[in-house]
Amino acid sequence: MLARVRRWAGGMRAGGRALVDIQAGFKLSMESVARFHAFGIEPTGEMARCTMIQKVPHHAHFQEPSLVAMSMPIMQTAAADPAFSASQSSAGAGKILMVMTNHDRYPSRAERTGLWLAELTHVYDVLEAAGYAIDFASPNGGAIPLDPRSLGWPHADAAAKARLNDPSFMARLQSTQAVADLDPTVYRAIFYTGGHGTIWDFRGNADLKRVAESIYRSGGIVSAVCHGLAGLLDLQAEDGKPLLEGRRVTGFSNLEESLSGVKDQVPYQLQSEMEARGARYEKSLLPFGSFALTDGRLITGQNPRSSKALAQALLAALRNAQAR
């Protein structure tokens, strides 16, 4: 096992960050913990799942090939150890706010838009498994429209379809809180989901701006994926400058907007708007490739395929903040 970990750790150092999912119900022996420390890896357990995170600088980018998951059935069983479950759980670690669009129409296209489902579910699943409480909100409150294109192959994977067929989860999407009614002080992070609808109702929403700025200025995390970056365009730092100014960010690119076939329907292009605010925009080498960036407490994902990478980056940032 240690030979595997040595090869894994050495190969991942240049990539900046790596994850190993340990089989549920196991824990590391003290000897193993010491050996992992020798490789620069910090093992921590969450919800009976042990995740080892290599420490990284605040300015780091994650692409799909740099996420590694493998089972390691060489641990001592801890399934019946109540002390282990209590000490390793993230329950009570804090609340996360997930914001979704209420907008479902293009200007002159019969096809509807709305939330891109997997951009919500991939992040939701990771944070829920880690024990975080999650609130759903939207600009107007109430029901969330789903982009029909996001519900079928190849965009909806098994995990997204499982949520689509989960009555309690879908009921939550029918009764989201209105952003104006939220108390931002209870949240450790805000996550803007995507879907083309966000282009219309995230930007220019004063209540959404107030909530996000309050979370960030209180030491919380602001994160967004794909078109959810529209919610970041209005945000300001405490000095009044755009929060995006000088920051490494990603989001749906101009090329991806052209390839998506709806460029003529959207009122602006996200990449251009971010760059106009002084953002240091970056993207994957190929369109629609998985790509996520962490710049301090600002975490962004480029497109639908980036939601899993963003989820892991957001989870790492939350844990790092909790450890400090």
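These are my notebook entries on a predicted model of one protein chain.

**Ground rules**

I number residues from 1 along each chain as its sequence is written. In this predicted model, local features need pLDDT of at least 70 and side-chain atom pairs count only at pLDDT 80 or more, while totals for chains, interfaces and linings use all residues, and side-chain values use heavy atoms, with hydrogens and water left out.

**Entry: the whole chain**

I looked up the secondary structure. The protein chain has 11 helices and 14 strands. Helices (H or I, at least four residues) and strands (E, at least two) are DSSP runs, numbered from the N terminus.

Next I looked up burial. Of the 324 residues in the protein chain, 54% are buried. Buried means under 20% relative accessible area, exposed over 50%, and partly exposed in between (1.4 Å probe, protein chains only).

The chain exposes about 13,600 Å², and carbon and sulfur atoms supply 53% of that. Accessible areas come from the Shrake-Rupley method with a 1.4 Å probe; for residues, only the protein chains shown count as cover.

I then turned to contacts, meaning heavy atoms within 4.5 Å. Among contacts between residues at least 6 apart in sequence, 79% join residues at least 24 apart.

**Entry: helix H4**

How many of the 13 residues of H4 are buried? I found 10, so H4 is largely enclosed by the rest of the structure. Among them are Leu117, His122, Tyr124 and Leu127.

I checked the length of H4, residues 117-129. The first and last C-alpha atoms are 18 Å apart, close to the 18 Å expected at 1.5 Å a residue. The expected span is 1.5 Å times one less than the number of residues. Just after H4, glycine 131 has a positive phi of about 95°.

**Entry: helix H8**

H8 has 12 residues and should span 16 Å at 1.5 Å a residue; its end C-alpha atoms are 16 Å apart, which agrees. At its start, a side-chain oxygen of asparagine 205 comes to within 3.1 Å of the backbone nitrogen of aspartate 207. Just after H8, glycine 219 takes a positive phi of about 95°.

I listed the buried residues of H8: Leu208, Val211, Ala212, Glu213, Ile215 and Tyr216. What covers them? The cover includes strand S6 (95-99), strand S9 (187-192) and strand S10 (221-225).

**Entry: threonine 198**

Threonine 198 lies in helix H7 (residues 198-201). Is threonine 198 buried or exposed? Threonine 198 counts as buried because its relative accessibility is 0%.

Its side chain reaches the backbone oxygen of glycine 195 at 2.8 Å. I also noted its contacts beyond four places in sequence, including Thr101, His227 and Arg203.

**Entry: arginine 203**

Arginine 203 sits in the loop between H7 and helix H8 (206-217). With a relative accessible area of 27%, arginine 203 is partly exposed. Its C-alpha atom is separated by 5.3 Å from that of glycine 231, 28 residues apart along the chain.

Beyond four places in sequence, arginine 203 touches residues including Asp234, Tyr268 and Arg277. A polar contact of 3.3 Å joins its side chain to that of glutamate 273. A polar contact is a pair of N or O atoms within 3.5 Å; within protein, one must be able to donate a hydrogen and the other to accept it, and residues adjacent in sequence count only if both atoms are side-chain atoms.

**Entry: salt bridges**

Side chains of opposite charge can pair when their charged atoms come close. A salt bridge is a side-chain nitrogen of Lys or Arg within 4 Å of a carboxyl oxygen of Asp or Glu. By this rule I count 16.

Glutamate 273 turned up again here. Its side chain meets that of arginine 277 in a salt bridge (2.9 Å, N to O). Both residues are buried.

In helix H8, arginine 210 and aspartate 207 are 3 residues apart, about one turn of the helix. The closest N and O atoms of their salt bridge are 4.0 Å apart. Arginine 210 is partly exposed at 35% relative accessibility, and aspartate 207 is partly exposed at 32%.

I also found a network that links Asp125, Glu128, Arg163 and Asp166. Within it, aspartate 166 and arginine 163 pair at 3.4 Å, N to O. Arginine 163 is buried, with a relative accessible area of 14%.
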